[in-house]
Amino acid sequence: MNLQLGFTTGSLHKEFATKEALASLKNSGIKVVELGFAEMDSIYEGWADNLSKEDLESFDYVSLHSPIIQYGDNSETKLVFEKIGNIDNIRKLDLVVIHPNTIEDFSVFDTKNFPIGFENMDNRKLTHKTSEEMKRVLENNDNYSLVLDVNHVYSNDKTMSLAKEFYSKSGSRIKEIHL
C-alpha cells in the first residue's frame with residue numbers, strides 16, 4: 001500500500017492565498033496537497049488564476065477541491081471547469097474532488113479530462129451520506145472515484161461501522177481519504 005499524507009491549502013485560507021499556502025507547504029517538505037477551492041469566492045478572487053508550474057512541481061500528488069456549487073448546464077459550472085482545466089494544463093491533477101449533493105446533472109462530468117472523485121457527505125446534508133448512495137454515483141462512470149471523508153462518516157455513524165461498509169462496497173474506488 002502506498003499511503004501518502006498531505007494537507008489542503010483550504011486549511012490555510014484565512015492566513016494565506018493559495019499561492020502562499022503552497023509555498024508554505026513546500027517549504028515544510030509536504031509532498032501531497034489538495035488545492036482548496038471549496039468556496040466559489042476563491043475562484044472569483046482569482047486564487048486559481050495566478051498558479052504556475054513552479055508552484056506545483058515539487059508535489060508528488062495534487063488534487064483540487066472544486067467549489068461547492070450547483071453543477072449542471074450553467075455558466076458557473078463552465079467557469080469552474082475552465083479554471084480546473086487551466087490548472088490541469090499546468091500540472092496534471094491527480095483528482096478533482098466534488099460534493100455530489102450539489103449536482104443537478106452528472107453528465108457534465110462525463111467528458112472531462114481530469115479525474116473525478118465524489119466525496120461522501122456529512123449528517124447536515126440530505127443525500128450522499130451512505131455507502132449505497134455513493135456506490136450508485138460511482139456506477140455512473142467507471143472513471144469516477146470515491147473520496148472518503150472520515151469525519152463525515154463519523155457525523156453519520158459514531159460507531160464507524162459505516163466506514164467498514166464504505167470500504168467493503170467501494171474500497172477499490174477510494175482514491176483519497178479526508179481526515
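Select helix α5 (131-138) and colour S131, E133, M134, V137 and L138, which are buried (under 20% relative accessible area with a 1.4 Å probe on protein chains only; exposed is over 50%, partly exposed in between). These residues span an arc of only 160° around the axis, which places them on the same side of α5; the arc is taken from the directions from the helix axis to the C-beta atoms. Helices (H or I, at least four residues) and strands (E, at least two) are DSSP runs, numbered from the N terminus.

The model is predicted: local features need pLDDT of at least 70, side-chain atom pairs count only at pLDDT 80 or more, and totals for chains, interfaces and linings use all residues. Residues are numbered from 1 along each chain as its sequence is written, and side-chain values use heavy atoms, with hydrogens and water left out.

**From α5 to α7**

The buried residues of α5 pack against β5, β6 and α7, where contact means heavy atoms within 4.5 Å.

Next, select α7 (residues 161-170), in which L162, F166 and S170 are buried. Their arc around the axis is only 45°, which puts them on the same side of α7. An α-helix has 3.6 residues a turn, so residues three or four places apart point the same way. Packed against the buried residues of α7 are α5, β6 (145-149), α6 (150-156) and β7 (174-178). Turn to the face of α7 directed away from its buried side to find the exposed residues K164, Y167 and S168.

**Two loop residues**

Select M160 in the loop between α6 and α7. Its phi is near 65°, a positive value in a residue other than glycine. M160 counts as partly exposed because its relative accessibility is 24%.

Then move to H128, in the loop between β5 (116-119) and α5. Phi of H128 is also positive, near 65°, in a residue other than glycine. H128 counts as buried because its relative accessibility is 13%. Most residues other than glycine have a negative phi.

**The sheet**

Show the strands next. Seven of them form an open sheet in the order β1-β2-β3-β4-β5-β6-β7, with parallel pairing; two strands pair if DSSP finds at least two bridges between them. β1 and β7 stand at the edges with a single partner strand each, so one side of each is left without a neighbour in the sheet.

Select β3 (61-65). Five of its five residues are buried: Y61, S63 and H65 lie on one side, and V62 and L64 on the other. β2 and β3 pair in the parallel sense over five bridges, and L35 has L64 as its bridge partner in β3. Toward β4 (residues 95-98), β3 is joined by three bridges, again in parallel. There, the bridge partner of S63 is L95.

**Helix α1**

Select α1 (residues 18-27), where T18, A21, L22 and L25 are buried. These four cover an arc of only 100° around the axis, which puts them on the same side of α1. The buried residues of α1 pack against β1 (7-8), β2 (32-36) and α3 (53-56). Just after α1, select G29, which takes a positive phi of about 85°.

**The largest pocket**

Finish with the largest pocket, whose volume is about 1400 Å³. On a 1 Å grid over the protein atoms alone, a pocket is an open set of points where a 1.4 Å probe fits, with protein on both sides within 12 Å along at least five of seven lines; lining residues have an atom within 4 Å of a point. Grid points are joined across faces, edges and corners, and the volume is the space filled by probe spheres set on the points.

Of the 45 residues in the lining, select those closest to the centre: E34, E176, I177, H178 and L179. β1, β2, α2 (40-44), β3, β6, α6, α7 and β7 each supply at least two lining residues, and β7 gives the most, with five. The lining divides into 18 nonpolar, 16 polar and 11 charged residues. Here Ala, Val, Leu, Ile, Met, Phe, Trp, Tyr, Cys and Pro count as nonpolar, Asp, Glu, Lys and Arg as charged, and the others, Gly among them, as polar.
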